[in-house]
Amino acid sequence: MELSIKQSGVLHGMLTGTAISIGIIIFGILLNPFNFHSNLALLEKSSVLFKSLIILALCLTFSIGRLAKHRFFSPDELDGKGLRTDSDRAILLQYLLQNTLEQSVLAAFVYGTWTFVMPSA
């Protein structure tokens with residue numbers, strides 16, 4: 001089965017993202033850039049989790065804000081009547097928000113799990 005140009009681009013992006021993520025994890029494991037002690041208590045690990053979740057919350061807030069701004073300045077879409085009557089721009093922003101929400105939930109679960117199993121250093 002041959003991939004379309006669009007599918008090839010998505011696959012390339014996924015592989016690049018995976019490689020960058022693995023590289024960052026290896027960098028963190030080998031160099032301990034935040035100088036964590038080798039025996040972090042649960043409270044200290046939780047602090048790392050909450051700091052990580054702030055980044056997710058900012059991304060989600062940005063996505064929500066983009067759609068809200070669009071709706072505010074589009075009188076026909078101000079009430080948020082649903083995707084049936086929205087413009088192409090509003091639909092695109094809704095899709096981006098949905099994607100951001102899905103990825104944020106998954107990332108929060110992974111971050112939370114990693115917090116309790118990560119080696120302190």
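Helices (H or I, at least four residues) and strands (E, at least two) are taken here as DSSP runs, numbered from the N terminus.

**View 1. The whole chain, a predicted model.** From the N terminus on, the elements follow the order α-α-α, with three helices and zero strands in the chain. Residues are numbered from 1 along each chain as its sequence is written, and side-chain values use heavy atoms, with hydrogens and water left out. Because the model is predicted, local features need pLDDT of at least 70 and side-chain atom pairs count only at pLDDT 80 or more, whereas totals for chains, interfaces and linings use all residues. The accessible surface of the chain, from the Shrake-Rupley method with a 1.4 Å probe, comes to about 9500 Å², of which 70% belongs to carbon and sulfur atoms.

**View 2. Helix α3 and its buried residues.** Buried (under 20% relative accessible area, 1.4 Å probe, protein chains only) along α3 are Ala 90, Leu 93, Leu 97, Thr 100, Ser 104, Ala 107, Gly 112 and Thr 115. Helix α2 (42–72) is included in what covers these residues.

**View 3. The surroundings of Thr 115.** Thr 115 lies in helix α3 (residues 88–117) and counts as buried because its relative accessibility is 2%. Apart from neighbours within four places in sequence, Thr 115 is in contact (heavy atoms within 4.5 Å) with Lys 45, Ser 46 and Leu 49.

Terms used: Buried means under 20% relative accessible area, exposed over 50%, partly exposed in between (1.4 Å probe, protein chains only).
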